[in-house]
Amino acid sequence: MITGGSSGIGLAIAERFLNEGASKVVIVGRSYPRLLDAAKQLQHGAENTSISTEYKPNSNDGAQGQVTSVSEKISILVGDVSEIDSWSRTLEKELESIDILVNAAGISLSNLLPKIDPKDISRTLRTNLEGALLTSRAFLRASVRSRIKNRNKTDPESRIRSKCIINVSSLLSHKGGTGAVPYAASKAGLLGLTRSLTVEASETLRDVVIRSNVLVPGYIETPMIEDMAPTELERLKQSIPLKRFGSPQEIADAAVFLAENEYANNCVLNLDGGLSAV
């Protein structure tokens, strides 16, 4: 399951997981039309995946918590992670069959702190940090419930394969900037979430192994940077040691590594072209 899966880094990760052989991918987002468009992109980009001819839109499409299977391997879940209370039961139920949770949903509302509307501060924190906290909580609860349901179906002597949470933070979580204080604070919180959950899951979960890791992208070619002025984009590009922005596919490469490597736990991967060294 990938929150923020209808575009940018989230969509790239979903596509890469399908190409790596994932049996099911659920993308989560606020907009049903955007999710459906993303599902169509995924079915074009993934091998042996096509939109089901049996799928027909209905009047409930677009409602919070609405799950739609658009193909054998791709489902879409309409949900705003900043308002999980209204669809938490659907979220937990869907997560019972999920092995990897990617918290990629995020917003950036640029403004100087003295000028920013307090409502925008709250919205940023709810989406970027609280959303990841609540989806991670739902994932843990669903994983325990799934383990209890299936405990008589597995060999007790077999090694328990881990599940994995991948949080998508930002270079601004540990490098200062102007006009993004709430965003930076929310993304720094994801580092603390990752560290603490690594320890807590190990000490409190029985017969369930959940690893927590975090990606720390720099400036990536996604819709989030499209509103920047051309001169600002060029200035930023020249400040990066590699003299270019990253691609969403390069972030997806790292997500695959974190998902597959059973010893990757509390792993923090910088993917910023070297900008954090400047």
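Okay, so a residue counts as buried when its relative accessible area is under 20%. Keep that cut-off in your head, and bear in mind that what we're looking at is a predicted model.

Let's start with S136. Is S136 buried or exposed? Its relative accessible area is 2%, so S136 is buried. You'll find S136 in helix α4, which covers residues 118-149. And what does S136 touch, if we skip its neighbours within four places in sequence? The list is L101, N103, I165, N167, L193 and L197.

Now, the strands. β5 pairs with β1, residues 2-3, in the parallel sense, over 2 bridges. There, T3 has N103 as its bridge partner. N103, you'll remember, is also one of the contacts of S136. β5 also runs parallel to β6, and 4 bridges join those two. In that pairing, V102 stands opposite I166 of β6.

In general, nonpolar side chains in soluble globular proteins tend to be buried together. Here the largest nonpolar core has 36 residues, and V102 and I166 are among those with the most contacts inside it, along with I13, F17 and I27. Elements giving two or more residues to this core include α1 (8-19), β2 (25-29) and β6 (163-168). There's another core lying apart from that one, with 22 residues, including V26 and I98.

Last stop, I27. Not counting residues up to four places away in sequence, I27 touches, among others, I2, A14, L35 and I76.

Methods. Residues are numbered from 1 along each chain as its sequence is written. This is a predicted model: local features need pLDDT of at least 70, side-chain atom pairs count only at pLDDT 80 or more; totals for chains, interfaces and linings use all residues. Side-chain values use heavy atoms; hydrogens and water are left out. Buried means under 20% relative accessible area, exposed over 50%, partly exposed in between (1.4 Å probe, protein chains only). Contact means heavy atoms within 4.5 Å. A nonpolar core is a set of buried Ala, Val, Leu, Ile, Met, Phe, Trp, Tyr and Cys residues joined through side-chain atoms within 4.5 Å. Two strands pair if DSSP finds at least two bridges between them.
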